[in-house]
Amino acid sequence: MSEQNSLVRNDPAASGVTYEWPNSAFEGVIWARSIAFIVDLAIVAVMVFAATIVFGILGILTFGLLWPGMALSPLIALAYFTMTLGGPNSATIGMRWQNIEIRTWDGRRPGYIQAAVQTILFYITVTVGTVLVLIVPFLNARRRCLHDFLCGTVIIRAHG
């Protein structure tokens, strides 16, 4: 599973294995993560705008029948982050540009379900505790955010 992805991991989640990260894996991760999120937010905004235009045109052509499809726009962000974080690169486009990637606490690439949970937890924690999300990475050596702790993930500098 380390280089290949699957829908659900087949190894036990609590195997007791700890992964030792080099200190350089977390250098500059907070800033890189922030910039990557802004880039990803812009990409998602363009995708949502395009979907709004498509559903608007389809709504006109179907006399309003497909306008409720615009309510599915938030799923675009969920799909984008799930497919990119759970994909073979373990990183969104913004994260790849900033040379960072997501890993599980034991050094593996996350699966699609864990990527979806990571995304949902991110939006919940940002909505509920914005200040907490901004403070938590400064309080731990691995620069993990609240949703990283809840989901069992870590953001590292990509090697190579």
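Residues are classed by relative accessible area as buried (under 20%), exposed (over 50%) or partly exposed (in between), with a 1.4 Å probe and protein chains only. The model is a predicted one, in which local features need pLDDT of at least 70 and side-chain atom pairs count only at pLDDT 80 or more, whereas totals for chains, interfaces and linings use all residues. Numbering starts from 1 along each chain as its sequence is written, and side-chain values use heavy atoms, with hydrogens and water left out.

The protein chain contains six helices and two strands, taken as DSSP runs (helices: H or I, at least four residues; strands: E, at least two) and numbered from the N terminus. Along the sequence, these elements follow the pattern α-α-α-β-α-α-α-β. Of the 160 residues in the protein chain, 40% are buried. Contacts (heavy atoms within 4.5 Å) with a separation of 6 or more come to 71% from residues 24 or more positions apart. The protein chain exposes about 9,400 Å², of which carbon and sulfur atoms supply 73%; this area comes from the Shrake-Rupley method with a 1.4 Å probe.

Thr125, placed in helix α4 (residues 112-128), is buried because its relative accessible area is 8%. Polar contacts are pairs of N or O atoms within 3.5 Å; within protein, one atom must be able to donate a hydrogen and the other to accept it, and residues adjacent in sequence count only if both atoms are side-chain atoms. The side chain of Thr127 reaches the backbone oxygen of Tyr123 at 2.6 Å, and a polar side-chain atom of Thr125 lies 3.0 Å from the backbone oxygen of Phe122. With residues up to four places away in sequence not counted, Thr125 touches Thr130, Val133, Leu146, His147 and Leu150.

The largest pocket has a volume of about 560 Å³. A pocket is an open set of points on a 1 Å grid over the protein atoms alone, with protein on both sides within 12 Å along at least five of seven lines; lining residues have an atom within 4 Å of a point. Among the 24 lining residues of the largest pocket, Arg33, Phe37, Phe122, Cys145 and His147 are the closest to its centre. Elements giving two or more residues to this lining are α1 (29-61), α2 (74-85), α4 and α5 (130-135), and α1 provides the largest share, six residues.

Technical notes: 1 Å grid on protein atoms, 1.4 Å probe; cavity = no way out; pocket = protein on both sides within 12 Å on 5 of 7 lines; lining within 4 Å. Points joined across faces, edges and corners; volume = space filled by probe spheres on them.
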